[in-house]
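I'd like to walk you through one structure today, so let's get it up on the screen.

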Amino acid sequence: LDLVFLDGSEGSAFIVTSVRGMIPQVKSLLIDMGLAIISILIFTSALLTVWIYKSIVTPIHHLEIATQNIKEGNLDFEMQVEGKDEIGQLCRDFEEMRRRLKESTEEKVRVDQQNKELISNISHDLKTPITAVKGYVEGLMDGVADTPEKQEKYIRTIYNKANDMDRLIN
């Protein structure tokens, strides 16, 4: 209450009454505030969980699948990279590593194939003079070269074929 004292000064008087009538309203307010805080915390934790799952767990799962593929020898897949953060950079680096490993493996297969062809060609090229040498030696052994001129011709042919093999080997 606002008052004016005898000396003319103004003042106020407060009358304190029982607050028992307000207790149900205060309890209701506290319960509503508690429920609101709990709802906000649950909603915030759900958003954080979704964010962490999308930005961390999903890329790590993709990395796990990629490592399994590489472990099994499958390099014919492509890893989709989405983020621009550290995990996204890790995924990009992993994809680059997979690509280079695939190129290296393909190059090794090509080199192995070329080596097989080279060995096959060398083998074929060596068989021809060896077969000729064997034929002329058998001719000498069987007495087909019965004259000294024929024997010298056979020996000279054997010598030339041996030189050819030596040149091929070098």
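Okay, let's start with what lines the largest pocket: sorted by class, there are 4 nonpolar, 6 polar and 3 charged residues. Before I go on, please keep in mind that this is a predicted model.

So how much space lies in that largest pocket? About 240 Å³. The lining is made up of 13 residues, and the ones closest to the pocket's centre are Lys 54, Ser 55, Pro 59, Glu 82 and Gly 83. Which helix gives the most to the lining? That's H1, with 5 residues. Helix H2, running over residues 86–142, is in there too: H1 and H2 each supply at least two lining residues.

Let's stay with H1 for a moment. This helix covers residues 23–71, and Ile 56 is part of it. Now, is Ile 56 buried or exposed, or something in between? Its relative accessible area is 34%, so we call Ile 56 partly exposed, since that label covers what falls between 20% and 50%. Ile 56 also belongs to a nonpolar surface patch, together with Leu 48, Trp 51, Ile 52, Tyr 53, Val 57 and Ile 60. That patch comes to about 670 Å².

Over to H2, where you'll find Thr 128. Thr 128 has a relative accessible area of 49%, so it counts as partly exposed. And here's one for the sequence viewers: how far apart are Thr 128 and Lys 161? Along the sequence they're 33 residues apart, while in space it's 9.0 Å from C-alpha to C-alpha.

How values were computed
Residues are numbered from 1 along each chain as its sequence is written. This is a predicted model: local features need pLDDT of at least 70, side-chain atom pairs count only at pLDDT 80 or more; totals for chains, interfaces and linings use all residues. Side-chain values use heavy atoms; hydrogens and water are left out. Patches are made of residues with over 30% relative accessible area and no salt bridge: like charges are joined within 9 Å, nonpolar side chains (Val, Leu, Ile, Met, Phe, Trp, Tyr) within 5 Å. Accessible areas come from the Shrake-Rupley method with a 1.4 Å probe; for residues, only the protein chains shown count as cover. A salt bridge is a side-chain nitrogen of Lys or Arg within 4 Å of a carboxyl oxygen of Asp or Glu. Helices (H or I, at least four residues) and strands (E, at least two) are DSSP runs, numbered from the N terminus. Buried means under 20% relative accessible area, exposed over 50%, partly exposed in between (1.4 Å probe, protein chains only). On a 1 Å grid over the protein atoms alone, a cavity is a set of points where a 1.4 Å probe fits but cannot get out, and a pocket is an open set with protein on both sides within 12 Å along at least five of seven lines; lining residues have an atom within 4 Å of a point. Grid points are joined across faces, edges and corners, and a volume is the space filled by probe spheres set on the points. Ala, Val, Leu, Ile, Met, Phe, Trp, Tyr, Cys and Pro count as nonpolar, Asp, Glu, Lys and Arg as charged, and the others, Gly among them, as polar.
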